[in-house]
Amino acid sequence: MPIPSLRITALAAAALLAGCATVDIDQAVGQTNETAAGFTQGRLELSRTAQQQERRERLAQQLLAEPLGQAEAVQLALANSPALQALVAQGWSDLATAAQGGRIANPVFSFERVRSGSELEIGRLLSFGLLDLLTLPQRASLARNQSAQAQLQLTRDVVDQVSQMRQAWVRAVAAQQQLDYAGQVNRSAQASAELARRMQAAGNFSKLQRARQQAFHADATAQLATAQHAATAAREELVRRLGLSDAQAAQLRLPDRLPELPAQPRTPAEVSAAAVDQRLDVRMARLQLDAAGRSQGLDLLTALVDTEVGIRRDTQFDNADGSRRTARGWEADIRLPLFDWGGARRAAMDAQSLAAAHRHDDTVRAASSQLREGYSAYRTAWDRARHYRDEIVPLRKTISEENVLRYNGMLIGVFELLADHREQVGAVVAAIDAQQAFWLADAALSASLIGQPLAAAPATPLRSAATGEAAAH
């Protein structure tokens with residue numbers, strides 16, 4: 001085969017290989033929808049046109065027209081949140097950057113014009129990195145690995161955002177539920193305090209009895225103020241997670257209560273059936289380990305050896321005799337490894353590969369432990385919430401009803417009735433806390449199953465029914 005034809009064929013092959021590294025964000029988003037279907041409901045997309053933006057705004061308005069359930073909140077966040085859109089756009093950028101590593105560098109064209117007396121010399125040089133061309137298959141493989149990492153990172157980020165939004169929704173609804181109950185308690189305490197004032201004026205209540213009623217009202221007022229701020233803070237956290245504008249935030253309505261507990265909790269077999277090696281964090285660690293091994297030799301070679309090959313064409317013009325001469329040839333530039341034999345670089349790469357191997361082992365070993373811990377938190381929260389719902393709250397209600405009868409029969413005094421009321425309030429508040437803790441644990445377990453464990457979520461501390469009793473004494 002003639003040499004020019006060989007050069008053209010090599011350049012065409014290089015261009016073809018480089019052109020294979022394309023980025024399709026729609027395909028990447030589709031893969032995230034498939035991998036994290038339980039989180040995105042297949043509705044994640046990147047809006048790039050005015051039509052898509054208008055469609056998202058219409059959907060947001062439709063969702064905000066009704067009280068926002070948890071599933072609808074996820075749908076609203078996917079359609080409305082600029083943070084999620086920015087996250088997907090950043091994923092697109094990461095995918096493009098990773099694909100860029102698999103492309104061959106563009107050739108360099110040099111031109112020179114030199115005059116000497118009556119002679120004019122024009123030199124042209126077209127050069128390209130020979131090492132880039134020779135290592136293109138290895139670099140393309142690394143680029144595919146990095147693209148896979150970027151794809152997994154995009155999915156992990158989306159799962160993290162959706163999980164945190166779910167927990168924000170749970171906290172907002174629970175805080176509103178606590179506020180409503182605190183309002184009921186405060187109104188009841190206010191009525192009792194007013195009644196005590198009138199009874200004291202009529203001579204039927206002592207000063208001490210009235211003071212106790214007023215103290216209960218004052219405590220209920222303080223609790224109401226605390227609940228109002230907690231509800232506002234939780235609601236605003238949800239507003240930020242959903243990416244709502246001021247007008248949209250004004251339209252936001254939440255359900256009055258958290259969802260009821262599921263009839264049966266998830267079973268340990270269901271959780272243990274989750275494939276640990278398919279978790280996102282394990283897959284990411286494995287890809288990083290593969291990349292460290294593949295890039296080790298390539299990085300060292302490119303650091304020590306740099307070769308450029310060029311095709312030269314020089315033309316000389318002699319104005320004295322009107323002659324013209326053309327010289328053709330090629331040239332090669334090679335960096336000689338005389339002062340640096342790469343010992344330090346080899347040590348650094350060995351260390352990076354070893355660190356990647358240990359990170360992979362650590363991730364695999366931690367995965368099962370995280371699942372066990374997440375399931376323990378989930379099951380404990382379910383048992384506790386059911387215990388409050390089925391045992392403590394009904395018992396407190398029965399005790400309160402009996403105490404009212406005893407008070408009406410003048411068998412107990414107002415102090416005992418007041419203490420019992422506080423205990424009942426404490427039991428109801430603790431039951432709402434327990435229900436909230438369960439749904440937070442449920443969201444955390446779902447995230448752990450796919451391989452994106454959540455950080456410890458700040459939640460309202462669980463209060464026991466004894467809180468009211470302690471306060472009463």
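This is a predicted model: local features need pLDDT of at least 70, side-chain atom pairs count only at pLDDT 80 or more; totals for chains, interfaces and linings use all residues.
## Salt bridges, a buried helix face and a surface patch

Asp383 and Arg379 sit four residues apart in helix H13, so about one helical turn separates them.

In total, the structure has 12 salt bridges.

| Salt bridge | Closest N and O atoms |
|---|---|
| Glu194 and Arg198 | 3.1 Å |
| Arg171 and Glu237 | 3.0 Å |

Arg171 belongs to helix H8 and Glu237 to helix H9 (residues 207-242), so this pair ties together parts that lie 66 residues apart in sequence. With a relative accessible area of 12%, Arg171 is buried. The pair of Glu194 and Arg198 stays within one helix: the two are four residues apart in H8, and so about one helical turn separates them. Glu194 is partly exposed, at 30% relative accessibility, while Arg198 is exposed, at 54%.

Back in helix H13, which spans residues 343-408, you'll also find His360. Is His360 buried or exposed? Its relative accessibility is 15%, so His360 counts as buried. Leaving aside residues up to four places away in sequence, His360 touches Val282, Ala285, Arg286 and Leu289.

Next up is helix H2, residues 25-35, where Ile25, Ala28, Val29, Thr32 and Asn33 are buried. Looking down the axis of H2, those buried residues fall within an arc of 145°, so they line one face of the helix. There's a simple background to that kind of spacing: an α-helix has 3.6 residues a turn, so residues three or four places apart point the same way. What sits over the buried residues of H2? The cover includes helix H3 (37-40), helix H6 (82-100) and helix H8 (136-201).

In the loop between H3 and helix H4 (50-64) lies Gln41. Its backbone is worth a look: Gln41 isn't a glycine, yet it has a positive phi of about 55°. At a relative accessible area of 32%, Gln41 is partly exposed.

Now for the strands. Strand S1 (residues 108-116) pairs with strand S2 (residues 119-129) in the antiparallel sense, over nine bridges. Two residues separate the strands in this hairpin, and Gly117 takes a positive phi near 65° there. Which residue in S2 is the bridge partner of Phe109? That's Leu126.

Phe109 and Leu126 turn up together again on the surface, where they form a nonpolar patch with Phe111 and Ile311, with about 390 Å² of accessible area together. Ile311 comes from strand S3, residues 307-318. At 32% relative accessibility, Ile311 counts as partly exposed.

Conventions. Residues are numbered from 1 along each chain as its sequence is written. Side-chain values use heavy atoms; hydrogens and water are left out. Patches are made of residues with over 30% relative accessible area and no salt bridge: like charges are joined within 9 Å, nonpolar side chains (Val, Leu, Ile, Met, Phe, Trp, Tyr) within 5 Å. Accessible areas come from the Shrake-Rupley method with a 1.4 Å probe; for residues, only the protein chains shown count as cover. A salt bridge is a side-chain nitrogen of Lys or Arg within 4 Å of a carboxyl oxygen of Asp or Glu. Buried means under 20% relative accessible area, exposed over 50%, partly exposed in between (1.4 Å probe, protein chains only). Two strands pair if DSSP finds at least two bridges between them. The arc is that of the directions from the helix axis to the C-beta atoms. Contact means heavy atoms within 4.5 Å.
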